[in-house]
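This report is for a reader new to the structure shown here. Please look it over before reading on.

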Amino acid sequence: MSTATAEQTILDAVKPQLYIGGEWRDGGDGGTLAVEDPATGETLIEVADATVDDAKAALGAAHETFPEWRETAPRERGDILRRAFDLITERADELALLMTLEMGKPVAESRAEIAYAANFFRWYSEEAVRINGRFTVNEAGAGRVLTLAQPVGPCVFITPWNFPLAMGTRKIGPAIAAGCTMVVKPAKQTPLSMLMLAQVLEEAGLPGGVVNVITAQSSGSVMEPLIKDPRTRKLSFTGSTEVGRTLIQQSADQILRVSMELGGNAPFLVFDDADVDAAVEGALIAKMRNGGEACTSANRFYVANAVAKEFAEKLAAKMGEMKVGRGTEPDVKVGPLIDDTQRGKVAELVDDARERGAKVLVGGSRVDGAGYFYEPTVLADVPDDARLLGEEIFGPVAPVRGFSSDDEAIAAANDTEYGLVAYVYTQDINRAFKVIEGLDTGMIGLNQGMVSNAGAPFGGVKQSGFGREGGPEGIHEYLETKYVAMNVP
């Protein structure tokens with residue numbers, strides 16, 4: 001099968017409608033939303049554009065289904081998740097191609113995301129039967145303490161464009177396992193992977209109304225009524241801090257339970273005793289995964305002065321070798337940015353650093369032609385006042401800045417409103433513990449460039465949000481604790 005035929009086949013398999021109450025239906029006013037290929041700027045497909053009434057219908061389905069779904073046996077909920085995991089794994093190649101078409105990342109990276117996304121379903125298929133309370137003797141000895149963990153209720157999920165499947169499954173998996181129902185609104189740039197996931201869950205035997213998927217051009221106007229609707233009991237959002245603030249404000253009236261996975265400004269610290277070659281390889285993973293379009297992407301490289309020049313030159317050599325192009329082409333390592341607005345922001349930040357005295361070791365420019373491509377870029381001698389040290393880049397740009405002491409490195413790393421993740425390279429265990437305990441972040445990669453793991457708690461501190469996704473902690477976001485004081489004569 002030719003590449004063009006394979007692409008059309010997977011696009012034809014997508015149901016471009018809203019999935020509400022177990023039924024596929026058009027939007028209320030018949031409007032559609034064009035999904036663009038960021039590698040070409042051309043429209044791939046048009047999907048339904050939901051209205052407020054459509055969104056309310058989706059929440060209504062979740063609300064009506066919840067009483068029955070919460071009583072479904074935990075083993076049955078887990079079995080559905082396991083079947084969905086198997087189906088996603090079987091169809092990994094097709095799903096990866098679809099993801100590359102709508103988001104742009106190389107197919108190899110899309111396959112990696114498919115595996116990562118599916119693993120949340122496997123993990124929570126096992127957690128569904130391990131939702132435990134406790135029964136203990138009252139401290140005074142006269143009574144008993146009983147606690148129950150029960151599903152929080154209908155949830156609203158808003159997911160981002162950069163990881164179109166995984167950012168959904170790490171919310172949907174624990175919610176299904178806990179016995180919750182939900183409305184999912186994927187990003188308008190990348191709705192196709194989530195629509196295919198709805199088809200997979202339907203095939204896996206998930207009852208209609210448990211997961212409802214709506215696609216919409218205007219997220220704010222369509223989702224705000226759901227956030228303020230008393231039938232909603234939980235909101236989970238992954239995206240920018242700016243949008244997160246707005247959603248938290250909207251949720252305040254009904255004291256809605258919320259989880260927020262927001263922006264990042266990840267520091268990557270390389271100390272003078274580090275294995276520089278290993279640090280460079282880790283930097284490539286931490287920086288160039290998803291082309292730099294990740295909240296966990298290394299945003300600022302602080303390198304000990306003794307090895308800063310060596311590190312920057314080796315990183316520039318590696319990044320300069322990375323082939324840029326459409327993600328479906330052979331040997332491509334870096335795809336396009338999601339749209340021209342995002343590419344423009346990346347270019348603006350690089351230009352600002354250059355004007356302030358930063359030295360461009362490789363890259364530093366847009367790529368001419370169709371699509372939203374930007375060259376992998378390494379900047380050395382970056383001054384402290386460069387905007388890209390304080391703002392999330394979300395692109396293939398690595399600014400390198402030297403430091404002279406451990407305390408200076410820790411202070412520089414913490415000098416941000418964000419606190420999602422940090423990366424640390426050192427071979428000194430005492431230094432490692434000093435640094436990781438001193439960093440104000442929710443996650444740390446110690447001598448490795450990736451922290452994402454379905455079995456581990458993902459989340460940040462400060463303005464990177466609150467709540468955790470993944471691991472045993474992740475399911476607690478969808479459970480309420482009920483305490484019963486028992487009188488035992």
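Predicted model: local features only at pLDDT ≥ 70, side-chain atom pairs only at ≥ 80, totals over all residues.

Residues are numbered from 1 along each chain as its sequence is written, and side-chain values use heavy atoms, with hydrogens and water left out.

Across the whole structure, 10 aromatic pairs are found. Rings of Phe, Tyr and Trp (its six-membered ring) pair if their centres lie within 6.5 Å; planes under 30 degrees apart count as stacked, over 60 as edge-to-face and the rest as tilted. Two of the pairs are tabulated.

| Pair | Centre distance | Plane angle | Class |
|---|---|---|---|
| Y116 and F120 | 5.0 Å | 65° | edge-to-face |
| F157 and Y478 | 5.8 Å | 80° | edge-to-face |

Y116 and F120 are 4 residues apart in helix α5 (residues 107-127), so about one helical turn separates them. Y116 is buried, at 13% relative accessible area (buried means under 20%, exposed over 50%, partly exposed in between, with a 1.4 Å probe and protein chains only). F120 is buried at 1%. Both F157 and Y478 are buried as well. Ring pairs also join F268, F301, F311, Y423 and Y425 into a cluster.

Helix α13 (residues 406-414) packs against helix α14 (residues 429-438) at about 30°, with the axes 10 Å apart. The two are therefore roughly parallel (angles under 35 degrees count as roughly parallel, over 145 as roughly antiparallel, 65 to 115 as roughly perpendicular and the rest as oblique).

How values were computed
Axes fitted to C-alpha atoms, helices over the stretch in contact; angles between N-to-C directions.
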